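Below are some notes on the two-chain model you sent.

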Amino acid sequence: MSLIREGSAFLQWMKKSRGGMTDAATASYYPGSYRMVSMRSCNFIVTLIGLLLGSAIMSAAARFPLEITEQGPGAGFWPFLLGAALVVAAVSLALYTMVHRAALTEEKVALGTAANWQAYVMIGLILLFCAMIHLIGFYPAAALLIPCVMYRLECRDKKRMLLTAAGVVLFIYLVFGQLLHTSLPSSVFLE
Amino acid sequence: MADVITAIGMVADPFHLLCLVFGVGVGIMFGAMPGLSVNMGLALLLPLAFAFKGMAGILMLLGIYCGAIYGGSISAILLKTPGTPASVATTLDGYPMAVKLRQPGRALGLSTTASAFGGIFSTICLIISAPLLAKISLQFSKPEYFALAVFGLSIITSVSSGNVIKGIMGGILGLFLATVGIDAMSGAVRFTADTTYLLGGVSFIPILIGVFALAQMLQSVEDCWQKSQIRQHVSIDNVLPTVADLKRVFTTLIRSSAIGTFIGCIPGTGGDIASFVAYDQAKRWSKHSANFGNGEPEGVAAPEAGNNAVSGGAFIPVLTLGIPGDGATAIMMGALMVQGLQPGPLLFIDKAPDVYAIFIGLLLANIIMACMGYSLIRLFVKLTNVPNAILLPVILLMTFVGTYSYGNSMNDVYVMVVSGILGYVLNKLKFSMSAVIIGIILGGMAEQNFVGSLIMSDGNPSIFFTRPICLFFLAAAAVSLIAPLMMKKKA
């Protein structure tokens, strides 16, 4: 039950913070625990990723010759060495984290604050922009992206948004399209 | 001498000069606007530099590099918000001089003079020392080059990361990414996931734009959340320094420039360290040390001369040994490589006119920077007021356009976006993205010389421990990696 309560509170907090809640308001709404992650936890996640990645590199490198002959080492030797080094580094990070446990628990990484959410929304917009480039082409997508980004950055002046969008798109068209002859992606429907 | 004349001819080309002036102007703009960095400016305009083939693009990037370091002082002095980390020390006396003493023109004039002096001083040191060092490094063979790559990577990871182990992990990741594609020694196709896109290897330009421009832009979005931007309306009178001020800071300029040049030579350091060391030494040696922090002219000149002197110093290991000292020089090195100039001692033999053109370009960039600083300072001050709501979408679009125009490929754009998002997250976890980039750049050099060394020794790895220079670099690499961990343990 407590897990459900916690989860529901967290979801509500996410909803609020995405809606433009300030850091102070967020803190009062939900007392901090989900807003900051300790560096200790982050280090263990990084260790895990490092171990997995290192093992994957070693396994992929093992498909190539690994022996050192008179003609030098095989094509897999160097990447295998790097994979092994990554595993060793990941284990070292785990050991380091365990030794400095107290200090790293106190050290917080901000990953869920309202300010973080602004960046995450921006990442969402960027991914959407990638899809829009494919669908409607670069110039129309850019003309749509600029006002959206400006709105997220708290600009509410419609005239300024339109002028900026038009000015930037025109600048890119003149410099890259006309002067440097770069043909920026067009809509998939026009190809 | 013929090479020098050819180089002068290359730089004197009107289009090349125009590119240099444009680069300096853009660099000052990037430096002046808080939130934008030297690396971001270089990364964003890198694809444009490739569009201008040959020396024009390189000169433009040199201009951005010099201009951006100087530009950081403008917002540091007027807003107490350093445009670049290298200008943090400038706020200590620059801001009090501009606000408390109401002498913004004097502070900006001193910073311009000191920046130009530091840049020119370090370029002269580069011109004198680089050919000598290149001659020595000509005696290096494959094992020494391998050890040098390891040393370069180790010192960068140990100095630039918040955590040495994470720095090492980043460096290894970069080295691995460099193995993707066709192996230069055996011809084997490695880790391409059966795609033609990766056959030529991982292109580091999209990654570079992602981690230095897009990740920084995302960080700026976060930083400017619900923070009102300080708008500065300042009237600037005379920006030319007086003779009395010049006399007062002259010794400081020479000392700080020497410090900056020396620090610039050491991979992994940079303008921020140089400016603080220069400021500290200026305070220690000054007759007016009690006045430091209250708008002391030496306190403005020292950090600015120090951080701009890094530019020439940082080029010494890049041009002579092919070892980039930081993110900015890694970008510069990447640009040189893409233009067919492989940094290293052979560059001084095979492409001597280009090397001299770089020297002349650096000198000219500092002179142009001073001229622009004295004449256009009011315009640059206005630029510090550009709202983030306009600036950030423009930068976002430029990352896309720049990446796409580099290879006319949407795959490059996807790589850039993924790198940018990863860079943003990894920066929070105290990973040094410079280590990843330098790993990618040095990866080819490290592997080829590692394999080449083992071929030389018939597969005997003792070759790395029996050659004195090689052993020295490897030992130094081990010390640079272990020392920070030991120091932390003691602390």
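What percentage of the 191 residues in chain A do buried residues make up? The figure is 31%.

1. The average pLDDT of chain B is 87, and 96% of its residues score at least 70. For chain A the average is 83, with 81% of the residues at 70 or above.

2. Where pLDDT is low, the predicted coordinates should not be read in detail.

3. Make-up of chain A. The chain contains 8 helices and 4 strands. Along the sequence they come in the pattern α-α-β-α-β-β-α-α-β-α-α-α. If one takes the contacts in chain A between residues at least 6 apart in sequence, 62% of them join residues at least 24 apart.

4. Interface. Chain A puts 51 residues into the contact and chain B puts in 47. On the side of chain A that touches chain B, the elements giving two or more residues include helix H3 (39-61), strand S2 (68-69), strand S3 (72-73) and helix H6 (114-136) of chain A. H4(A) supplies the largest share of that side, 10 residues. By residue class, the side of chain A that touches chain B has 39 nonpolar, 10 polar and 2 charged residues.

5. Nonpolar core. The largest nonpolar core has 225 residues, and Leu61(B), Leu208(B) and Ile437(B) have the most contacts inside it. Helix H4 (residues 55-79) of chain B gives the most to this core, 18 residues. Domain 2 (37-110) and domain 3 (114-179) of chain A both contribute residues, so the core lies between them.

6. Ile437(B). Apart from neighbours within four places in sequence, Ile437(B) is in contact with Gly174(B), Phe204(B), Ile207(B), Leu208(B), Val211(B), Gly327(B) and Ala330(B). One of these partners, Leu208(B), is also among the residues with the most contacts inside the largest core.

7. Helix H8 of chain A. The 22 residues of H8(A) should span 32 Å at 1.5 Å a residue, and the end C-alpha atoms are 30 Å apart, which agrees. Buried residues in H8(A) include Met161(A), Val168(A), Ile172(A) and Phe176(A). What do the buried residues of H8(A) pack against? They pack against H7 of chain A together with helix H17 (388-407) of chain B. Just after H8(A), His181(A) has a positive phi of about 55 degrees.

8. Thr320(B). This residue lies in helix H12 (residues 297-321) of chain B. Is Thr320(B) buried or exposed? Thr320(B) is buried, because 26 other C-beta atoms lie within 10 Å and the cut-off for burial is 20 or more. Leaving out neighbours within four places in sequence, Thr320(B) is in contact with Ala130(B), Leu133(B), Ala134(B), Ser137(B) and Pro345(B). Thr320(B) and Leu138(B) are 182 residues apart along the chain, while their C-alpha atoms are separated by 9.2 Å.

Terms used:
Residues numbered from 1 in each chain as written. Chains lettered and ligands numbered in written order. Predicted model: local features only at pLDDT ≥ 70, side-chain atom pairs only at ≥ 80, totals over all residues. Core = buried A, V, L, I, M, F, W, Y, C linked by C-beta atoms within 7 Å. Buried ≥ 20, exposed ≤ 12 C-beta atoms within 10 Å, placed from the backbone. Domains from an automatic or database assignment. Contact = placed C-beta atoms within 7 Å. Nonpolar A, V, L, I, M, F, W, Y, C, P; charged D, E, K, R; others polar. pLDDT = per-residue confidence, 0-100. Expected span 1.5 Å × (residues − 1).
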